[in-house]
Amino acid sequence: MKSKVFALPVGARGLSAAFWWIWASILVNWLGAFAGPMLAISLTEGHGYSLSYAGFVVSLLGAGAVAGSAVGGVLADRIGRRATMFAGHCFTAAGMVALGLCQGRWALAVAALATGFGAASVRPAAQAALADVVAARDRQRAFGLNYWAVNTGTAVSAALAGLLVGYGYTPLFLADAATTLVCAVVVLVKVPETRPEPARGAAGARPGDPGSAPPPTEPAEPASPPFALFVVFVLLMLVFGSVYEQKAAALPVVMVQDGHAPAVFGLLMSLNALLIVFLQLPLTRLVQGRSRALVLLAGGVLAGGGFGLTAAADSTAAFAFTVVVWTFGEMLFAPTVGAVAVEIAPVHRRGRYLGLYGAAWSGAAFVGPAGGGRLLDHWGPGALWPVCALAGTVAGAGCALIVRRHTHLRAAAAVREGDGGSPPPTPAPAGSGRGTAPERISK
């Protein structure tokens, strides 16, 4: 019998217990992300440091995240998904404790760098583990659930942070560290190791190792999918992420310059969060099984177009309309592109590829604000928003083309196998779909 973590809503059923424990650890992690929104304020109001120093420390979170994504991806393939997630959570918790207790400039800077590194190192391992335990046909739905968990957790933790800060900044960071350690315990106790065994004959292969997942039962893919294809895909993620970063970089500045109070911007960000919380899962279910290329194209056009429409917005209602448009683009694009990244990545290098994919999103946190600020300074909003519209559309169209190209490569590989070029893949157990058999992994 399959164990159930809790009663699941329609559209979220049919996924293994292993998936739900990984998902639960992600949700708890983001529900407890109290410190991020308050870090800059704690440095200025709590420690008395300058705004420039606070900005420097916050930027170190992003710098650590870029490195953490890459290292976490490599470790997920080498030492395993569970070990990487557990170590990353523990490392992040230690960084959070240091941020709450340290006073010196360099100590705080190192703590921020370590926190960003640890938090980001968990993500490629968690995404690879999700992909390992979910059949290929269910991955878009699974990554939609994952995206919902991240955004719901972020919205709730931001509200709770505002309440907890009344007890002081140090308890806030310690509470964040405590919830991160809870995630580490959940991973250690409930999440199985899901890393696929090395291919037959590969160095270090241990076919009888009970701690690793069974050999993948996915349909044949090119023996070595072109790495250049994935590099282009990652660059497109950098472009899309840079556009998306304007919601926190350029949008509030432009709204204030237009005479809107900062509180209005806060309400629009709440609108963005509420749309994702209530509509992400139904929308993911609606597009399940449809062409991923078309979904990515629609997501890119809507996201870019929504930001592009900001050029014509003047009233609060007009700004709210643009937020609704690019939020729908976000809800279409983000979960789908995560599933596509998993499909493109070779099974036994999945962690490395997803680490590179995660580094692109972390890099966008640098490129987006810097590029948006430069465009605003030199050419104004009239240049920035059309560039966003073009960049979002290019990212969506480029990803759609990559999906079609990868589908063609897989089909060609299947034809070669049918002609005797290589042995056919081992048939998947009945009911397991096209991906790794989740029932076997969850035991």
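**Entry 1: disulfides**

I take a disulfide to be a pair of cysteine sulfur atoms within 2.5 Å. The model I am examining is predicted. With that cut-off I searched the whole structure and found 0 disulfides. I then looked up the accessibility of two cysteines. Cysteine 90 has 28% relative accessibility and counts as partly exposed. Cysteine 388, at 4% relative accessibility, counts as buried.

I next turned to ring pairs, each of which I describe by the distance of the centres and the angle of the planes. My count for the structure came to 16 aromatic pairs. I examined phenylalanine 91 and phenylalanine 117, whose ring centres are 5.9 Å apart. Their planes stand at 65°, so I recorded the pair as edge-to-face; the cut-off for that class is over 60 degrees. I located phenylalanine 91 in helix H4 (residues 81–101) and phenylalanine 117 in helix H5 (residues 105–133). The pair therefore ties together parts that are 26 residues apart in sequence. I also checked the exposure of both residues. Phenylalanine 91 is partly exposed, with a relative accessible area of 43%. Phenylalanine 117 also counts as partly exposed, at 25% relative accessibility.

**Entry 2: aromatic pair within helix H13**

I looked up tyrosine 357 and tryptophan 361, and found an edge-to-face aromatic pair. I noted 6.3 Å from centre to centre and 80° between the planes. Both residues lie in helix H13 (residues 350–378), where they are 4 residues apart, about one turn of the helix.

**Entry 3: a charge over a ring**

I inspected the surroundings of tyrosine 53. Arginine 105 lies over the face of this ring, at 4.7 Å from the ring centre.

**Entry 4: a nonpolar surface patch**

Last, I looked for nonpolar side chains on the surface. I found a patch formed by Val71, Leu75 and Ile79. Together these residues have about 220 Å² of accessible area. I placed leucine 75 in helix H3 (residues 51–78). At 34% relative accessibility, leucine 75 counts as partly exposed.

Definitions and conventions. Residues numbered from 1 in each chain as written. Predicted model: local features only at pLDDT ≥ 70, side-chain atom pairs only at ≥ 80, totals over all residues. Heavy atoms only, no water. Phe/Tyr/Trp six-rings, centres within 6.5 Å; stacked < 30°, edge-to-face > 60°. Helix = DSSP H or I, 4+ residues; strand = E, 2+ residues; numbered from the N terminus. Buried < 20%, exposed > 50% of the residue type's maximum accessible area, 1.4 Å probe, protein only. Lys NZ or Arg CZ within 6 Å of the ring centre and 35° of its normal. Patch = residues over 30% accessible without salt bridge, like charges linked within 9 Å, V, L, I, M, F, W, Y side chains within 5 Å. Areas by Shrake-Rupley, 256 points an atom, 1.4 Å probe, with all protein chains shown as cover. Salt bridge = Lys/Arg side-chain N within 4 Å of Asp/Glu carboxyl O.
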